[in-house]
Amino acid sequence: MSAVLVFVDQHGAAADAGLSRRTQELLTLARAAGEPVAALAGPLSPAAHACLGAYGVGRIYQSEQSELFDYLAAPKADFLAQVAGELQPAAVLLENSAEGKEIAARLGIALSAGVICDAVGLDAGLHAQKSVLAGSYTVTCRATTAISIITVKSNSVHAEAAVTPAEPVVEAVSVSFGAASLAAKIIDRSATPASGRPELGDARIVVAGGRGVEGNFGPVEELADALGAAVGASRAATDAGWIEHSAQVGQTGKTVSPQLYISAGISGAIQQKAGMQTSKVIVAVNRDAESPIFEIADFGIIGDLFTVLPQATEEIKRRRG
Amino acid sequence: METSALNIVVLVKHVPDAQLNRQLSAQDYTVVRTDSILSELDEYALEAALTLVEERGGAAGGNNITALTMGPPAAVAAVKKALQIGAFEGVHLSDEALAGSDAAATSLALAALVRHLSTAEHPVDLIITGMASTDGESSLVPAQLAARLELPQLTFAASLEILSEGAEADGGARKAVIRRDGDTEAEMIAAALPAVVSVTDQINSPRYPNFKGIMAAKKKTVTTLSLADIGVDPAHVGSAGSWTAIDSAQARPARTAGTIITDEGNAGVLLVDFLAAQKLL
């Protein structure tokens with residue numbers, strides 16, 4: 001059985017931290033396609049060690065070299081290229097974050113291997129499904145090279161531990177970094193304040209506001225909190241500075257596919273639709289009956305979000321007692 | 001050329017207008033390129049280049065901005081639009097063998113093209129791109145181009161500055177510094193020039209071409225090059241040179257509108273009823 005290498009980044013993880021749900025999903029996909037092997041950047045906590053074993057990982061290649069975290073993307077690609085050179089896996093799987101895609105891109109050049117990004121499904125034969133042209137097509141694609149490099153979006157598979165756990169053996173790797181890899185140096189980091197809400201890209205439910213909130217995200221946030229949802233926004237709302245840019249859903253923001261997307265005061269122009277039209281259920285609230293969002297809504301309310309959203313929030317709280 | 005002057009290459013792409021209904025070809029699943037325009041996200045790259053160059057005295061200060069594209073004959077429209085907005089000259093890599101190139105093949109051709117344009121006399125200092133193309137949407141090309149050129153990669157820049165302080169101490173090396181906003185942290189990243197920079201739509205507000213710019217563009221040169229001109233083997237690009245393939249494509253069934261109601265005072269409650277019926281509560 002060929003190996004499938006999963007990149008696990010534990011930089012800055014707490015001493016008692018296990019593995020993120022995204023990593024558990026990647027390990028689940030890797031196990032379906034071959035023997036899951038981890039390439040771990042950063043510390044290996046006992047909880048992470050146990051979790052890797054539970055997911056059937058028998059081998060962990062680990063490096064904690066500071067260069068991995070002091071420079072952008074390239075050193076991590078060097079690390080994976082070195083491990084893949086030794087292991088010759090059938091595939092390397094990474095998270096579909098901006099950095100994950102860039103590591104994949106560089107690894108592809110290093111290994112002369114095809115890169116597929118934004119995968120939402122992966123079968124045992126390493127055929128990937130993805131949405132293209134802003135969700136208007138679903139394509140099945142694959143790398144035609146000996147090694148496939150694939151970045152997979154969150155929620156593409158239900159994470160499941162292995163039936164037979166493994167006892168992972170750790171092999172320390174000393175990475176030889178390319179001179180050009182130690183070029184883009186991270187000279188400062190500042191943490192973005194945490195909202196306490198689920199991450200937009202991972203959330204099961206998203207409540208999003210647009211131009212119609214007129215600077216007041218209060219009703220959107222209160223409904224989101226009642227539903228345990230993430231808060232999103234249209235580009236009009238982020239451009240106006242009403243909410244941070246990281247909340248933007250759309251062509252130049254995040255693409256989300258939650259179970260439920262509640263759109264409030266968003267007209268639903270193409271730029272917004274590109275980021276949310278693969279949501280399972282779409283609910284729209286807008287005063288303008290002509291808004292294009294109503295063309296794709298499963299349930300649409302022509303009305304004022306400042307009365308509809310608070311009433312819905314109260315009703316949810318009442319039903320939950 | 002003054003020491004502070006910059007020779008900048010801006011990558012531009014001719015893409016189907018995202019406002020219209022876009023399609024994949026039924027034969028080979030490539031993007032149907034009718035009704036194409038300059039990719040909106042490339043306007044931010046061009047604006048970033050124009051800002052840097054204007055701060056340094058423009059053309060009179062020895063600066064240059066080359067708008068560069070690869071694509072079929074019609075793709076020259078993206079270069080021409082960039083010239084109207086303010087790029088100084090244009091280069092169009094056009095060759096039938098390029099059709100169907102994936103990110104790896106595209107970056108191979110672009111890397112050869114940048115090397116071809118970067119001479120000892122006029123070395124390229126900066127290669128600026130958008131954060132993604134609005135058709136491929138992958139963001140792979142800037143990272144692959146940096147890897148192939150063995151240049152520093154400064155990607156997803158929400159701000160960009162070129163610093164030349166301490167130039168003597170560094171042997172005259174200038175530095176690019178960007179801010180990159182992630183989900184959990186913002187990073188400041190620095191690298192010596194030359195470098196590959198990709199910029200987000202947060203970095204600036206792109207200008208529109210004005211009448212003067214449109215007239216001036218008529219006098220600007222666009223050089224058309226083939227793969228042979230830049231020394232690339234046609235077998236290494238296009239569908240044949242790509243490392244990925246699409247096996248099938250299905251148009252997503254159009255979403256149809258569901259129930260639309262007008263609020264008569266209880267729409268919030270009806271919304272919750274709907275969520276309960278869908279088992280979403």
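## Where chains A and B meet

The axes of helix H5 of chain A and helix H4 of chain B come within 8 Å and cross at roughly 45 degrees. Axes here are lines fitted to C-alpha atoms, for helices over the stretch in contact, with angles running from 0 to 180 degrees between N-to-C directions. This is a predicted model, where local features need pLDDT of at least 70, side-chain atom pairs count only at pLDDT 80 or more, and totals for chains, interfaces and linings use all residues. Residues are numbered from 1 along each chain as its sequence is written, while chains are lettered from A and ligands numbered from 1 in the order in which they are written.

**The helix pair across the two chains**
- H5(A) and H4(B) are therefore oblique to each other (angles under 35 degrees count as roughly parallel, over 145 as roughly antiparallel, 65 to 115 as roughly perpendicular and the rest as oblique).
- On the H5(A) side you'll find A:Lys101, A:Glu102, A:Ala105, A:Arg106, A:Gly108 and A:Ile109, and they meet B:Leu140, B:Ala143, B:Gln144, B:Ala147 and B:Arg148 of H4(B) (two residues are in contact if their C-beta atoms, placed from the backbone, lie within 7 Å).
- That contact has 5 nonpolar, 2 polar and 4 charged residues (Ala, Val, Leu, Ile, Met, Phe, Trp, Tyr, Cys and Pro count as nonpolar, Asp, Glu, Lys and Arg as charged, and the others, Gly among them, as polar).

**The whole A–B contact**
- Zooming out, 70 residues of chain A are in contact with 63 residues of chain B.
- Elements giving two or more residues to chain A's side include helix H5 (98-111), strand S8 (137-143) and helix H9 (305-319) (helices are DSSP runs of H or I with at least four residues, strands are runs of E with at least two, and both are numbered from the N terminus).
- Sorted by class, chain A's side has 36 nonpolar, 20 polar and 14 charged residues.

**Inside chain B**
- H4(B) also has a partner in its own chain: the axes of helix H3 (residues 103-117) and helix H4 (residues 140-149) of chain B come within 9 Å and cross at roughly 50 degrees.
- The residues of that contact split into 10 nonpolar, 3 polar and 1 charged.

**Chain A as a whole**
- Chain A has 9 helices and 16 strands.
- Its domain assignment gives domain 1 (3-181) and domain 2 (205-319), with bounds from an automatic or database domain assignment.
- The centres of these two domains, taken over C-alpha atoms, are 33 Å apart.
- Between them, 4 residues of domain 1 of chain A are in contact with 5 residues of domain 2 of chain A.
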